[in-house]
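Dear colleague,

Please read them with the structure open beside you.

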Amino acid sequence: MGKETGFLELDRQDRTYADPAERIGHYKEFIIPHSEEGLRSQASRCMNCGIPYCHNGCPVNNLIPDWNDLVYKDDWREALDALHSTNNFPEFTGRVCPAPCEASCTLNIIDQPVTIKSIECAIVDRGWKEGWVEPQVPAEKTGKSVAVVGSGPAGLACAQQLARVGHSVTVFEKSDRIGGLLRYGIPDFKMEKHLINRRAVQMEAEGVTFKTSTEVGVDVSIKSLKENFDAIVLAGGAENARPLQIPGAEMPGVRQAMEFLTQQNKRNAGDSEERAAPRGTLSAAGKDVIVIGGGDTGSDCVGTSNRQGAKSVTQIEIMPKPPERENKHLTWPNWPMKLRTSSSHEEGVERDWAVLTKEVVGENGVVTGLKCARLEWEGREMKEVPGSEFVLPADLILLAMGFLGPKKTGMLEQAGVSLTDRGNVDADTQDYRTSEDMVFACGDMRRGQSLVVWAIREGRQAARSVDEALMGVSELPR
């Protein structure tokens, strides 16, 4: 497996970035990849550990040591096959996954994990460049039809798996382009959208039909889908954004992060301003911007604001500041809670933690600031620090505080499926069946907001359950 002494001889060397001063002038990807020799060297560090804990960390169960070894041996084609055996879209996860596999790597005990994410991305990018990624057209059709609602990573993975075993699959997407969160939630500088387009071409060649600008529950009813398809998969995501419930939050200068990010992605795609921003242009140009929420979506708002020419960007988080380094004895090989600084943060932002928002300040309906206070945390209990109020100047406040599950109106109302106490569609991870016959659910609509890699896993597993329900048996992997 790899080079037996590779991890002893070589240090971790991850991909690098273009200079911040250069990259904030555009919306293209800016990662500088390894050379081929550099990748082989990094792959050689995979240490043939007795138990590959990276499998524990990877939601799609990637065969990580296998394709590391194949890259080290310069067998890229076989590495691509191993990668695709568990992951339909490694070019997505190789760019936007936070890499829990690396957190679980045995070498992370000494903060030197194998560069798994970089190698994964390089394998699939090489595969596309060499023309190795081709449609997998089924030898025969089953005569069964499936409607997949939602074209995010869960819906796409489910649809591709089902099409490859011969089912007729139609994907319904309410937006004008497929991709869901991949298309309109993730900025282009993290993942360019031609990556989605070429997968769509592959899937169409495999027999998948895409119906965009078609909202199930509005443009087409659940009743119609039940009449025309043998099975339905609900993969519509978790779009019910958490609101900011403080005085002044109704002012037009307070907006949801997804609206802000979607507008810019549509501009990048060449849409007119009228089409990109039907509710009016959201721009950070020349403004003091406050981003509420310390997660990935908040980071994406920071990067986009800087590219639009914000006067200042401040990101605040209600939780306390995480430690710079995790306690390995308590956390490894699980995902650690520690301070994470993204490439967007490196481009310019003021970050603050344990901050309570109290009131949006404004004049004549125009946002001018955000009144906040300091918090003290004792375990899970928070307490406002007396006399700690302060006001941050703001012209635009972006809400990146997470999501409360799927939207209930329209499709879910018509479907009549049972919901969990958290408001998600009730379906387990064994068969992904909802309370309605031959209606399945997967991805964020079922589990709540999560990672792209978890969505791909659920889409693949749901496809197997659907195939089994339609055919009595399935050869699709879980």
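To begin with the largest cavity, helix 8 (100-104) and helix 9 each supply at least two residues of its lining, and helix 9 gives the most, with three residues. Please keep in mind throughout that this is a predicted model. A search of the whole structure finds one cavity of 30 Å³ or more, and the space in the largest cavity comes to about 110 Å³. Its lining is made up of 15 residues, of which C58, N62, C97, C101 and E120 are the closest to its centre. Sorted by class, the residues of that lining are 10 nonpolar, three polar and two charged.

The second largest pocket has a volume of about 450 Å³, and among the 23 residues that line this pocket, Q136, Q161, R164, V165 and L476 are the closest to its centre. At least two residues of the lining come from each of helix 6, helix 10 (153-164), helix 12 (194-205) and helix 21, with the largest share, four residues, coming from helix 6. The lining of the second largest pocket divides by class into eight nonpolar, seven polar and eight charged residues.

Turning to the packing, in soluble globular proteins nonpolar side chains tend to be buried together. The largest nonpolar core here has 68 residues, and within it W67 and I123 touch the most other members. Helix 21 (residues 452-471) provides the largest share of this core, namely eight residues. Another core, of 19 residues, lies apart from the largest one, and V149, I222, A441 and M445 are among its members.

Finally, a word on helix 3 (residues 36-43), where L39, Q42 and A43 are buried. Why do the buried residues of helix 3 line one face of the helix? Seen down the axis of helix 3, these residues fall within an arc of 100°, and they therefore line one face.

With best wishes

Terms used:
Residues are numbered from 1 along each chain as its sequence is written. This is a predicted model: local features need pLDDT of at least 70, side-chain atom pairs count only at pLDDT 80 or more; totals for chains, interfaces and linings use all residues. Side-chain values use heavy atoms; hydrogens and water are left out. A nonpolar core is a set of buried Ala, Val, Leu, Ile, Met, Phe, Trp, Tyr and Cys residues joined through side-chain atoms within 4.5 Å. Buried means under 20% relative accessible area, exposed over 50%, partly exposed in between (1.4 Å probe, protein chains only). The arc is that of the directions from the helix axis to the C-beta atoms. On a 1 Å grid over the protein atoms alone, a cavity is a set of points where a 1.4 Å probe fits but cannot get out, and a pocket is an open set with protein on both sides within 12 Å along at least five of seven lines; lining residues have an atom within 4 Å of a point. Grid points are joined across faces, edges and corners, and a volume is the space filled by probe spheres set on the points. Ala, Val, Leu, Ile, Met, Phe, Trp, Tyr, Cys and Pro count as nonpolar, Asp, Glu, Lys and Arg as charged, and the others, Gly among them, as polar.
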